[in-house]
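Visitor: Hi, I'm new to this one. Can you bring it up and walk me through a few spots?

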Amino acid sequence: MRELRKLHGSTEMFVQALARELDSQVQFATDLYTRGLEAATEGGRDVEAQLLFTRAQRSAEEVLIAIERPGMERFPALRVEAGLIAGRSELQRGQYRHASTNLLDARANMLEALPADDDLFLKVGAVEADLRRAKSALVAQSANASLEDSIQLLSVAVRIEATLPGADPRLLQDLRLQLLDRRLEFLATSPEEPFTRYQRIDALRTALDLLTERPLDAADPELRATAYTYARLLRQEIAEGAQFSESVAARVTTNMRAVVTYLERGDRDGVPGLDTRDALLALRDIARVHAGTLAPGGPGWDERSMAQKRAAVRQRVELLEEALASGAKAPPEDRERRVADSFDLFSALAEAGPERWTAARQEHASLPTRLAEIFGASDERVGRAAESLAAMEFSHGRDELEAGRTESALGSFKRAISHQRQALGNLLARGAATVEGEGTLKAMLRARGQAATRAAGVRPAPTIADALRAKRQAAGRGEGGDVSSAVAAGRGPSPRTSPAARLARTTIRRALRGT
């Protein structure tokens, strides 16, 4: 090759010269292979035949390496012929695994690059016959091979059976089940090391192939063990901190939903079995992981459009609702898990904006108390949840007051004050500063007093804020729309634009981020 470059440089002439040189080497390898076949048919020449096959294989593999150079993709026939000679030489030497890899690549290159004619049909048929022979040998060898070797041999056998046309679904399933058994045996007997995690990932893929190659039928319990294995391995992956992109997490979540549905349909009297329990917990875990990929401020968040951000926020809430429901269905009841899931869902609802605050206020009003009971009064989540609820209730109370619904406003202020006091108690338990929280509580108490005075029919002394609000109303430019018309219509300002909602959002963001 160096001599060719000296003669032609790195020009088109060099590429053409290299192609001619490699073509000659392929012909030489073909000649060696043919001579090896002749020697193998004659008695007493077995050693000579093996030497010829070895030389043919090496010569063909040199071509496969050289043809990776830029510009050589224009000569697909060289790649095909070299792959065939290398694979068939290895087949004659009993190296079935390496032979299968070369022959599978050669078949793929044929179908992609060569013209579709009768000659291609004959060549592909011959290669497929070689691959079937190799597959049978691989399966036979795997029975007596070491655990690691049997995994490699069966992996190639599965690849062959899945690639060739007219594959027997039952045989393919049996091979995959054998492969999965070997992988699980390896995981059960091998020490923890990086290679073990690769085996677990491969076992997950094998289990998924078994679960997706045909529709899961509840009347067919044959794959329940495989479904359980998939769920168990997935939980291990997540527990060890495996990272999932948004697209991968979405696919895995969809897979787990199908697995849970399959297992639940096979449960007696609707009572989850142990395999269904693990599947429900796996769905809970992956739904939480998927929700994490959609969190505001995460990777790729700034590249999303506003519509995409709103859709991501909605989907995140739905995933955390699914996680909470799946975890709650898995026996036995785990209060710690359920309360922790409730907090994550509440946080997502709080960050989703005022449109979701009604659900957050009503469904999670007791969350700070439940968090304190399970994790202790000094747990930071107690204060975050309490402060966020206080902000939501106070915002709702202000809007109700603006709309003229004084009694409703008083109720919201009362609940806001209770939550804020709980948040202050958490700050004290943690030894954190309380100045800002105390100031917020005073403002809430003052607002409740003003609302109570209004309810009693006593007009409170006007403040500067009242004067400014009256001026805006007189001009017909109240924030969040015309407040007087909002009162007449029996509703408050837009929750997204009202000053109270904007202040609450700031408070909630600070609380949920622990700042």
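Visitor: Okay, which helix does Ala348 lie in?
Guide: Ala348 lies in helix α14. Helices here are DSSP runs of H or I with at least four residues, strands are E runs of at least two, and numbering goes from the N terminus. This is a predicted model, where local features need pLDDT of at least 70, side-chain atom pairs count only at pLDDT 80 or more, and totals for chains, interfaces and linings use all residues. Residues are numbered from 1 along each chain as its sequence is written, and side-chain values use heavy atoms, with hydrogens and water left out.

Visitor: Is Ala348 buried or exposed?
Guide: Buried, with a relative accessible area of 2%. Buried means under 20%, exposed over 50% and partly exposed in between, using a 1.4 Å probe and protein chains only.

Visitor: What does Ala348 touch?
Guide: Leaving out residues up to four places away in sequence, Ala348 touches Arg316, Val317 and Leu320. A contact is heavy atoms within 4.5 Å. The C-alpha atoms of Ala348 and Val317 are separated by 5.8 Å, though these two are 31 residues apart along the chain.

Visitor: Let's zoom out. How many helices and strands are there?
Guide: The protein has 22 helices and zero strands. Of its 515 residues, 43% are buried. Among contacts with a separation of 6 or more, 66% are between residues 24 or more positions apart.

Visitor: How many aromatic pairs are there?
Guide: Two. Rings of Phe, Tyr and Trp (its six-membered ring) pair if their centres lie within 6.5 Å; planes under 30 degrees apart are stacked, over 60 edge-to-face, and the rest tilted. Tyr33 and Phe53 have ring centres 5.7 Å apart and planes at 50 degrees, so this pair is tilted. Tyr33 is in helix α2 (residues 12–41) and Phe53 in helix α3 (residues 46–66), so the pair ties together parts 20 residues apart in sequence. Both Tyr33 and Phe53 are buried.

Visitor: And what about Phe394 and Phe413?
Guide: Their ring centres are 5.3 Å apart and the planes are at 45 degrees, so that pair is tilted. Phe394 belongs to helix α17 (residues 380–402) and Phe413 to helix α18 (residues 406–430), 19 residues apart. Phe394 and Phe413 are buried.

Visitor: Where is Thr406, then?
Guide: Thr406 is in helix α18, and it's buried at 12% relative accessible area. Beyond its neighbours within four places in sequence, Thr406 is in contact with Leu401, Ala451, Arg454 and Ala455.

Visitor: New topic: which peptide bond is cis?
Guide: The one from Pro331 to Pro332 is cis, with omega near -10 degrees. Most peptide bonds are trans. Pro332 sits in the loop between α13 (306–329) and α14 (335–351).

Visitor: What volume does the second largest pocket have?
Guide: About 550 Å³. On a 1 Å grid over the protein atoms alone, a pocket is an open set of points where a 1.4 Å probe fits, with protein on both sides within 12 Å along at least five of seven lines, and lining residues have an atom within 4 Å of a point. Points are joined across faces, edges and corners, and the volume is the space filled by probe spheres set on them.

Visitor: Which residues are closest to its centre?
Guide: Of the 21 lining residues, Val313, Glu351, Ala352, Gly353 and Arg505 are the closest to the centre of the second largest pocket. The elements giving two or more residues to the lining are α13, α14 and α22 (499–512). The largest share, six residues, comes from α13.
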